[in-house]
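Hello,

Here is the structure I promised to pass on to you. Have a look at it first, and then read my notes below.

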Amino acid sequence: MNGSVHVKGGNAEQHIRYIELLLETEYAIVKDDKKERKTVTIESRRVTEAFTISPGEERRFPFSFILPLDTPMTMKETRVFLFTDLDIQGGIDKSDKDPIAVKPHPWIESVLEAMGDLGFRLQEADCEYAPYFKRRMPFVQEFEFVPVSQKYRRLFDELELIFLLEDNGLDVIIEVDRRARGLRGWLEEMYNEGEQLVRVHFAEAELKHTEKLKTSLQAIIEQHAG
């Protein structure tokens, strides 16, 4: 991700302590039987240290950083923002919040394409509170697919996928026999009740071979559909 922060001076000289960028998203959490949205910082970057800006002066501060692997993709309900925080000494701090687009990692894109080829349509994508996975972030991004082919419509109503991206490959967690679980959601119930989720690791070589990937996913889905 590349960009620059533009700062324009006001009517008087001002001393800026720092400019910081915060990469943020929201996730859903159920608390007291109510679903709430929480904001979380995925990554932060200090763009500049202290400086002084004169009246009417304009300055630009470039930045560049790689998004963490667990940054959610901006698909369906999921949103990611870049929050710019400018700390002014003795004044009112300024901030700016801009939405950004996060495309799927090529490995995840391969799985999404394979699911489409198998006869599934992505219906929802949202971040949900899931401390059970003990990841860096308190949430995971869930992808809900519905079958559009007659073959899979007879087997189940929907299918949930979670992607856990690593440097050496991709873990795909699949729940293919979802029951109606109310507010708590399938992740919490599956873990609390000791049920097993299907978790499969795909190496980089497998993710680059479209037909083999599709065949593997089809076998996993059909094996656990009943």
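In which loop is the place of S54? S54 lies in the loop between strand 4 (51–53) and strand 5 (58–64); strands are DSSP runs of E of at least two residues, helices runs of H or I of at least four, both numbered from the N terminus. Before going on, please note that this is a predicted model, where local features need pLDDT of at least 70, side-chain atom pairs count only at pLDDT 80 or more, and totals for chains, interfaces and linings use all residues. Residues are numbered from 1 along each chain as its sequence is written, and side-chain values use heavy atoms, with hydrogens and water left out.

S54 counts as partly exposed because its relative accessibility is 32% (buried is under 20% relative accessible area, exposed over 50%, partly exposed in between, with a 1.4 Å probe and protein chains only). Leaving aside residues up to four places away in sequence, S54 touches G9 and E13 (contact means heavy atoms within 4.5 Å). N11 is 43 residues from S54 in sequence, yet their C-alpha atoms are 8.4 Å apart.

Now to strand 8 (residues 120–129), where you will find D126. Is D126 buried or exposed? D126 counts as buried, because its relative accessibility is 14%. Among the residues that D126 touches, not counting those up to four places away in sequence, are E77, T78 and V140.

Finally, the helices: S110, V111, A114, M115, D117 and L118 in helix 1 meet L213, K214, L217, Q218 and I221 in helix 5.

Enjoy exploring!
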